[in-house]
Amino acid sequence: RWSPVYSAPEDPAQLWLVDLQAMTPHEVPLPPDVERVDQVRLSSDGTHLIVRVGPTDIYSPLEDMTYYVCPLGPQGECALERVEPATGPTTYISWLADISGASGRIWYETQALDLSASYILQGDVAAPEAAAVLASFAGDPGWIERISLDGSTLYFTNPARSTMGAIDIGVDPPGAPVEVFPPLTGTGHLTWADDESALLVWNGDGPGGDLHQIALDGASAGPLQTIGSPGHVRRNFDTFTWSADRASILFLSDHEAPDVWQLYAVDSAAPGGPPTRINPPLPKDATLKTLALAGADHVLYALSDPWGGDGYFRARLDTPGAAERVTGDGVQPIGQPVVSADGTRAVHLGEMTPGHSDLFLLDLGGEAPDAAMNLTFWLPLELEVSHFRALGTDVADAVFSVQDGDDFRLYMAPLSPVGAPVRISEDGEAEHSFFVVQP
């Protein structure tokens, strides 16, 4: 219901809560000594406001920052209270991870001023200065990765995310830290299953690395299961995931030819088995860049082809080795498409003229995709789309920002049915950033 908005670093610092039901803002009083609001967010359950403030200098170190929290009343009432570290005046709060309105617990990290030690703590949100230390670390700090959805487990990593531990916080007193997976080489990247029953872990030092799957049950973890060829699995954004039904693990790998990334799948129940290549043979010098799920049976991937042109292609997971181009002729796709939950529609940025971005709709509902539609061809040529967000799980509308000279304007394009974009920012308004509130 609530969305926090703040001014920074303007003087004086100000903070508001916007009621997304009534679409009305009201100001949250800040302590008189606050110079600048650095960061504001809601707790994961939306019951508390978490505010980090600091000196006017936006480059101030974390030890100069202070956290305030407050429970939100029925009308957004909020009286901020300062959080003091339970580890004493020689430490500072380096991260306030979360607050549970149901249990009244707060979780945060502290760091020694001389960087000799760090701590993970849990306490009562009404008395965070009396929180108990769950784990302590010498040297590299421990970072709270997440609190489980049921509030029973705290997961933590090192800064490189190359190892992970867990603490059972569903018992009193909490359990001792246990290892989820041992230290791996290089840096790590984690992809969680929606229900937190499994984890994909990538580790490496370059574009290619190792991929593993781990089964999770709270603080209990299964063995590290290696997927594909070690050292060859791609780590970029959106280059490995589970299929929609979790039956398969999809990933990009260059084990057939160095730096030629292709799409593969393995059975998630037996991830150590030989991978199946999903895409057809690639043209000369072509390589895959990203992937996106498109419903239960399909996957979209971006192909970089210096001779035939870049494009998005749709492949079926049950008939590997075949794919069809879904982007229009002459369209250079940009970034990741946004795909509807059922996989029947997708919206993406692209260029038909070098240096000029438009917005395109892909209709993927049939056995053969319909021709891509340019959603912004109605706009004057001097207007260029800078970024967009789709609305709703069915991708029924798209809100996007358009560059108009030195300013940015906000537009919305209806997609059901497709129509001309409508400007929704007022005359004299220059869009800086925008957020879409899903119904």
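Colleague: Which residue's backbone nitrogen does the side chain of S243 reach?
Modeller: A word on the ground rules: this is a predicted model, where local features need pLDDT of at least 70, side-chain atom pairs count only at pLDDT 80 or more, and totals for chains, interfaces and linings use all residues. Residues are numbered from 1 along each chain as its sequence is written, and side-chain values use heavy atoms, with hydrogens and water left out. S243 sits in the loop between β22 (240–242) and β23 (248–253). At 3.3 Å, its side chain reaches the backbone nitrogen of A247.

Colleague: Is S243 buried or exposed?
Modeller: Setting aside neighbours within four places in sequence, S243 is in contact (heavy atoms within 4.5 Å) with S248, L250, L293 and L317. The scale runs from buried (under 20% relative accessible area) through partly exposed to exposed (over 50%), using a 1.4 Å probe and protein chains only. S243 has 4% relative accessibility, so it counts as buried.

Colleague: How many helices and strands does the chain have?
Modeller: Both are DSSP runs numbered from the N terminus: H or I over at least four residues for helices, E over at least two for strands. For this chain, the tally is 0 helices and 37 strands.

Colleague: What radius of gyration does the chain have?
Modeller: This radius is taken over C-alpha atoms, and the globule rule is 2.2 Å times the number of residues to the power 0.38. The C-alpha atoms fill a box of roughly 65 × 60 × 35 Å along the principal axes. A compact globule of 439 residues would come out near 22 Å, which agrees with the chain's 24 Å.

Colleague: How far apart do the centres of the positive and negative side chains lie?
Modeller: Lys and Arg count as positive and Asp and Glu as negative, leaving out His and the chain ends. Each charge is placed at NZ of Lys, CZ of Arg, CG of Asp or CD of Glu. With 21 positive and 61 negative side chains, the centres of the two sets are separated by 4 Å.

Colleague: Which residue's side chain makes a polar contact with that of D38?
Modeller: D38 belongs to strand β4 (residues 36–42), and its 18% relative accessibility is why it counts as buried. A polar contact is a pair of N or O atoms within 3.5 Å; within protein, one must be able to donate a hydrogen and the other to accept it, and residues adjacent in sequence count only if both atoms are side-chain atoms. At 2.9 Å, the partner of D38 is R36.

Colleague: What separates the C-alpha atoms of V402 and L383?
Modeller: V402 is part of strand β35 (residues 397–404) and counts as buried because its relative accessibility is 0%. Beyond four places in sequence, its contacts include L379, L383 and F408. Although V402 and L383 are 19 residues apart along the chain, their C-alpha atoms are separated by 6.0 Å.

Colleague: What is omega for the peptide bond from D172 to P173?
Modeller: Most peptide bonds are trans. P173 lies in the loop between β14 (164–168) and β15 (178–181). The bond from D172 to P173 is cis, with omega near 5°.

Colleague: What phi does D285 have?
Modeller: Most residues other than glycine have a negative phi. D285 is in the loop between β25 (276–277) and β26 (287–294), and its 48% relative accessibility makes it partly exposed. Its phi is positive, near 70°.
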